[in-house]
Amino acid sequence: MALFQIFLISILSSCMAQDEDIMTPVVNIYTELKELKASINGLTTDLNAAKNELEEQKSLIQDLQKQIKESPRVAFTASMSATESTSRGPFSTETKLIFDKVLTNVGDAYNPVTGVFTAPVKGVYYFRYSGSAFSSHDMGLSIFKGTARFVSSYEYNSGERNDQMSNGAVMELNVGEEVHVRLWIRCWIFVDRRYNYSTFTGYLLYPQDSASV
C-alpha cells in the first residue's frame with residue numbers, strides 16, 4: 001500500500017504541475033495591447049501629418065495655377081516685309097530696324113510701326129534677333145535697351161555668298177522700358193519677301209512685383 005500511495009501522489013503532482021503550465025499565459029496580453037495601441041497612435045499621427053502635407057501641396061498647386069492663369073501673356077516675333085527680296089542699308093548712321101511684318105504679337109506690346117517693344121509689366125524678358133545678308137557688305141546688329149546697347153553681333157564680309165547671325169539676351173525691364181534692334185553704320189541686312197530670314201523676337205519669362213530684387 002505504501003508504494004501505491006507514493007505512486008498516486010507522484011501522478012497527482014505531475015498533473016498539477018501540467019495544469020499550472022497550461023494556465024500560465026505565454027505572453028503578457030496587457031503589455032501587448034499597450035504596445036499595439038502605441039503603434040496605432042503612431043500610425044495615426046503619421047497619417048495626419050501626410051494629410052496635412054497633401055493639403056499644403058494642393059494649396060500650392062492651386063496658387064500656382066492661379067498665378068499662371070493671371071500672369072500676363074507677352075510674346076512676339078516680327079520680320080520685315082517686302083514686295084520683292086531686297087536689302088536694308090547700308091546707311092551712313094546707325095539705324096533702328098522696323099520689323100513691320102508681325103508673325104506673333106501676344107499682348108500687343110510690340111509696335112510694328114516703330115519697331116519698338118514696350119514692357120507692359122515689370123519682369124524678366126528674353127529677346128533675340130536673327131540676321132541674313134549677302135557677302136557684298138558687312139552686317140552688324142545690336143539690341144538696345146532704351147538708348148543703351150545691350151548685346152551685338154557682327155559679320156565681316158567673308159566672301160561667302162550668304163552670311164547669317166543671331167544673338168539674344170535676358171533683360172529685367174520696368175513698365176514702359178523699350179527694346180529695339182539697330183543696324184550698324186555701313187552695314188546691310190537682307191529682307192526676303194516670304195522666308196523671314198531676319199527676325200526680332202521677345203517674350204516675358206516671368207513678371208516681378210515691386211518688391212522683387
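Modeller: The model is predicted. The protein chain contains two helices and 13 strands, and 26% of its 213 residues count as buried.

Colleague: What makes the pair Glu-55 and Lys-58 a salt bridge?

Modeller: The criterion is a side-chain nitrogen of Lys or Arg within 4 Å of a carboxyl oxygen of Asp or Glu. The N to O distance between the side chains of Glu-55 and Lys-58 is 3.9 Å, so the pair qualifies. Both residues lie in helix H2 (residues 29–70), three residues apart, about one turn of the helix.

Colleague: Why are Glu-55 and Lys-58 called partly exposed?

Modeller: Partly exposed is the class between buried, under 20%, and exposed, over 50%. Glu-55 has a relative accessible area of 46% and therefore belongs to that class. Lys-58, at 41%, is likewise partly exposed.

Colleague: How do you know that Arg-149 forms a salt bridge with Glu-94?

Modeller: The closest N and O atoms of Arg-149 and Glu-94 are 2.8 Å apart, and the limit is 4 Å, so the term applies. This pair links distant parts of the chain, 55 residues apart: Arg-149 is in strand E9 (residues 148–155), and Glu-94 is in the loop between strand E2 (86–88) and strand E3 (95–96).

Colleague: What joins Glu-94, Arg-149 and Arg-182 into one network?

Modeller: Arg-182 also forms a salt bridge with Glu-94, with the closest N and O atoms 3.7 Å apart. Here the partners are 88 residues apart, with Arg-182 in strand E11. The salt bridges share partners, and this joins Glu-94, Arg-149 and Arg-182 into one network. Arg-182 has a relative accessible area of 22%; the limit for buried is under 20%, so Arg-182 counts as partly exposed. By this rule the count of salt bridges comes to three.

Colleague: Why is Asp-138 said to have no salt bridge?

Modeller: The nearest side chain of opposite charge, that of Arg-186, is 7.4 Å away. A salt bridge requires a distance within 4 Å, so none is assigned to Asp-138, which is buried. Asp-138 is in the loop between strand E7 (123–134) and strand E8 (139–145).

Colleague: What makes the pairing of the Asp-138 and Tyr-154 side chains a polar contact?

Modeller: The distance between them is 2.5 Å.

Colleague: Which residues have the most contacts inside the largest nonpolar core?

Modeller: They are Phe-117 and Phe-127, in a core of 31 residues. Strands E1 (75–79), E7, E8, E10 (162–173), E11, E12 and E13 each supply at least two of its residues. Beyond its neighbours within four places in sequence, Phe-127 is in contact with Phe-76, Phe-117, Ile-143 and Phe-200, among others.

Technical notes:
Residues numbered from 1 in each chain as written. Predicted model: local features only at pLDDT ≥ 70, side-chain atom pairs only at ≥ 80, totals over all residues. Heavy atoms only, no water. Helix = DSSP H or I, 4+ residues; strand = E, 2+ residues; numbered from the N terminus. Buried < 20%, exposed > 50% of the residue type's maximum accessible area, 1.4 Å probe, protein only. Lys, Arg positive; Asp, Glu negative; His and termini not counted. Polar contact = N/O pair within 3.5 Å; in protein donor to acceptor, adjacent residues only side chain to side chain. Core = buried A, V, L, I, M, F, W, Y, C linked by side-chain atoms within 4.5 Å. Contact = heavy atoms within 4.5 Å.
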